[in-house]
Amino acid sequence: MPTLRNAERRGAHEANRLAKRLRHQVGRAIADFGMIEDGDRVMVCLSGGKDSYTMLDVLLQLQKKAPVSFSITAVNLDQKQPGFPEHVLPEYLRSLGVDYHIIEQDTYSVVTRVVPEGKTMCSLCSRLRRGALYTYAEQHGYTKIALGHHRDDLVATFFLNLFFHARLSGMPPKLLSDDGRHVVIRPLAYVREEDIVAYAEAKRFPIIPCNLCGSQENLQRKQVGLMMKQWERESPGRIETIARALGDIRPSQLSDPKLFDFLALGHREGAAVADAHAWLAGDPAAHAPAGHDGHA
Ligand code: SF4
């Protein structure tokens with residue numbers, strides 16, 4: 001039927017445009033943050049969710065035309081959750097012909113033992129998962145660890161830190177781990193979640209749900225997610241604006257003296273700077289400039 005063929009053609013055209021956009025955004029993030037260098041051994045962490053499948057897929061495409069040579073190994077952690085379909089990822093990865101490894105570590109038992117019933121397990125689960133993946137990366141000499149967080153994750157983390165930890169910080173596209181031993185990269189940092197959803201559907205990735213364990217994401221993350229969805233509904237484009245703002249920070253227009261030297265601003269040569277204790281004690285002599293009577 002001609003109308004059906006037209007619809008198929010339109011669908012294929014849309015899918016091509018989407019794939020091109022994702023390659024462009026991932027390529028740009030890699031270049032902007034120097035994520036991948038010549039000779040890098042990139043360990044792509046694959047959970048079986050839409051994000052990590054998309055990341056692997058796009059990186060494999062970019063690898064073919066990249067200006068540098070780097071290797072890719074897909075690594076999954078089998079956490080031994082009951083019902084985890086352990087054949088799905090190996091079958092998929094073999095069909096791609098990509099180098100891969102499955103780490104088998106029963107973090108599920110640890111999490112269910114330690115976390116009281118009814119509490120969300122995701123935070124401990126993620127920490128244990130990170131530990132297992134980082135250890136594997138170190139033991140096998142991977143120079144970069146690629147995680148599938150996307151633009152909306154970066155924005156959500158920013159708001160979680162802002163609302164619940166009184167901190168302006170987020171989830172950076174490139175990061176040195178706390179122990180200084182790993183460089184973590186997030187090639188999907190510029191990619192919208194809704195594009196990933198559409199891409200995963202178009203590519204028919206064999207998605208494995210994360211919540212096989214029955215845990216729910218925590219309330220704070222859920223609240224922030226709902227807030228972002230509502231914003232996007234009422235003011236389309238707002239999340240993109242916020243994401244862009246995360247890359248355009250003006251320390252002199254914020255209020256962190258550790259980030260910007262406000263003390264030096266307008267400081268007159270030779271004028272003494274009174275310390276905070278003196279100001280709080282209200283002792284005018286203590287903050288009078290040396291050799292000066294304190295009058296303007
Ligand atoms: S949903 Fe389950 S498997 Fe996924 S992060 Fe949370 S605790 Fe871990």
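Predicted model: local features only at pLDDT ≥ 70, side-chain atom pairs only at ≥ 80, totals over all residues.
1. A word on terms before we start: helices (H or I, at least four residues) and strands (E, at least two) are DSSP runs, numbered from the N terminus.

2. Residue numbers start from 1 along each chain as its sequence is written.

3. After α6 comes A166, which has a positive phi, near 50°.

4. Which residues of α6 are buried? They are R151, D152, D153, L154, V155, A156, F158 and L160. Here, buried stands for 20 or more other C-beta atoms within 10 Å of a residue's own, exposed for 12 or fewer, and partly exposed for values in between, with C-beta atoms placed from the backbone. The buried residues of α6 pack against α7 (193-203), α8 and α9; a contact needs C-beta atoms, placed from the backbone, within 7 Å.

5. Now to the annotated site. According to the unreviewed UniProt entry, the "binding site" annotation covers C122, C125 and C213. These residues are spread over 92 residues of sequence, yet they cluster in space, with a largest C-alpha distance of 10.3 Å. UniProt positions follow the numbering used here, feature names are shortened, and annotations may be inferred rather than shown by experiment.

6. Two of these cysteines deserve a look side by side. C122 is partly exposed because 19 other C-beta atoms lie within 10 Å, whereas C125 counts as buried because it has 21 C-beta neighbours inside 10 Å. Leaving aside neighbours within four places in sequence, C122 is in contact with S215, E217 and N218. With residues up to four places away likewise not counted, C125 touches T107 and V111.

7. Finally, a contrasting spot: S235 is found in the loop between α8 (219-234) and α9 (238-245). Why does S235 count as exposed? S235 is exposed because it has 10 other C-beta atoms within 10 Å.

Methods
Contact = placed C-beta atoms within 7 Å.
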